[in-house]
Amino acid sequence: MTTVLTITALTLREASRRRVLLALGILTVLLLALSGWGFSRLAAESGGNLTSGEARLTASILLNLVMFGFSLIAALGTAFLTGPTLAGETESGIALTVLARPVRRSAFLLGKWLGLVAFGSGFVVLAGLAQCLVVLVTTGYWPPNPAGALALLAAQTTVLLTLAMLLSTAISPMASGVVAVGLFGTTWVAGVVGGIGASLGNDSIARIGTLSRIFLPTDGLWRGAMHAFQDPSALGEFTADEGANAFPFLGAASLSPAYLAWVVLWVAMLWGLAALSFSRKDL
């Protein structure tokens with residue numbers, strides 16, 4: 001356990017030194033400033049023209065839209081950080097130096113994974129909390145369940161970096177990041193298509209979104225986070241006329257315990273495959 005925690009601390013220190021952290025910080029500040037200006041102009045120019053329900057609905061949709069931006073930044077950052085952290089050290093021989101000592105490969109991999117989870121989840125939670133405060137100050141809207149929503153975004157980051165870690169045990173660092181981000185985007189598009197199919201009553205198209213969320217749970221977790229960011233009464237007014245399933249920035253329902261259990265099992269299975277692949281890798 002001491003070895004795992006030591007590698008975790010070294011991974012966090014290494015991640016903080018890379019330029020990925022600087023890029024994430026710059027993008028986060030830009031997005032916070034832009035969204036703060038947008039929310040303040042929305043509140044100023046709408047005046048008393050919107051009812052309280054319409055104002056909550058507008059704030060919910062815009063908050064989900066901005067949070068998707070943070071989700072995308074986190075996906076890009078963690079995917080392209082995971083590959084160099086593991087595969088890069090393997091190619092450079094640093095991993096061989098560490099593993100030459102009495103350190104098991106599974107402990108080395110677990111320490112790396114925990115460090116990256118702490119780094120990615122910490123970024124998502126801090127950036128998301130800052131965004132919620134910006135919305136509160138500019139519009140007076142506060143999400144009904146921000147803790148649950150931020151926890152689901154952190155879980156989404158964990159799912160993606162676990163996938164990137166598995167890929168980095170088999171392919172190059174750059175390729176693992178490209179494939180992970182590509183699957184992230186593909187799953188989101190499949191979720192939107194499935195939602196449109198559900199709103200039209202087309203079971204075949206709706207099944208595309210369902211299967212994509214089982215294959216890669218990032219879109220499922222994102223939709224659960226959106227539902228937690230939304231005002232329930234505003235969502236009810238919207239669904240009565242349009243159908244939230246067809247709208248990409250509204251979550252129609254919270255996640256079931258069974259789906260959350262599947263996410264935990266999914267992460268455990270992919271981590272196990274990564275450990276198996278890394279144990280057989282020729283260093």
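Me: Which hand does the crossing of α7 and α8 have?
Reply: α7 passes α8 in a left-handed crossing, a term used if the near helix is turned anticlockwise from the far one by less than a right angle, with clockwise counted as right-handed. This is a predicted model, in which local features need pLDDT of at least 70 and side-chain atom pairs count only at pLDDT 80 or more, while totals for chains, interfaces and linings use all residues. Residues are numbered from 1 along each chain as its sequence is written, and side-chain values use heavy atoms, with hydrogens and water left out.

Me: And at what angle do α7 and α8 cross?
Reply: The axes of α7 and α8, the latter being residues 203-215, cross at roughly 145° and come within 6 Å. Axes here are lines fitted to C-alpha atoms, for helices over the stretch in contact, and angles run from 0 to 180 degrees between N-to-C directions. The helices themselves are DSSP runs (H or I, at least four residues), numbered from the N terminus.

Me: Which residues make that contact between α7 and α8?
Reply: From α7 they include Gly191, Gly194 and Gly197, and from α8 they include Ile205, Ile208 and Phe215, where contact means heavy atoms within 4.5 Å. By class, the contact of α7 with α8 has eight nonpolar, six polar and one charged residues. In this scheme Ala, Val, Leu, Ile, Met, Phe, Trp, Tyr, Cys and Pro count as nonpolar, Asp, Glu, Lys and Arg as charged, and the others, Gly among them, as polar.

Me: What does α8 do with α11?
Reply: α8 packs with α11 (residues 257-279) at an angle of about 45°, their axes being 10 Å apart, and the two are therefore oblique to each other. Angles under 35 degrees count as roughly parallel, over 145 as roughly antiparallel, 65 to 115 as roughly perpendicular and the rest as oblique. Arg213, Ile214 and Phe215 in α8 meet Tyr259, Trp262 and Trp266 in α11, a contact with five nonpolar, no polar and one charged residues.

Me: Switching over, how are α6 and α9 arranged?
Reply: α6 (residues 146-168) and α9 (residues 218-229) have axes 8 Å apart and pack at an angle of about 165°, which means that α6 is roughly antiparallel to α9. Their crossing is left-handed. Among the residues that meet are Leu153, Gln156 and Leu160 in α6, and Thr218, Trp222 and Phe229 in α9, and the contact divides into twelve nonpolar, three polar and no charged residues.

Me: How many cavities of 30 Å³ or more are there?
Reply: The count comes to two. On a 1 Å grid over the protein atoms alone, a cavity is a set of points where a 1.4 Å probe fits but cannot get out, and lining residues have an atom within 4 Å of a point.

Me: What lines the largest cavity?
Reply: Its lining includes Ser71, Val124, Leu153, Gln156 and Phe184, and by class has six nonpolar, four polar and no charged residues. The volume of the largest cavity is about 50 Å³, a volume being the space filled by probe spheres set on the points, which are joined across faces, edges and corners.

Me: And the second largest cavity, what lines that?
Reply: Gln156, Phe184, Trp188, Thr218, Asp219 and Trp222 line the second largest cavity, and α9 gives the largest share of that lining, three residues.

Definitions and conventions: 1 Å grid on protein atoms, 1.4 Å probe; cavity = no way out; pocket = protein on both sides within 12 Å on 5 of 7 lines; lining within 4 Å.
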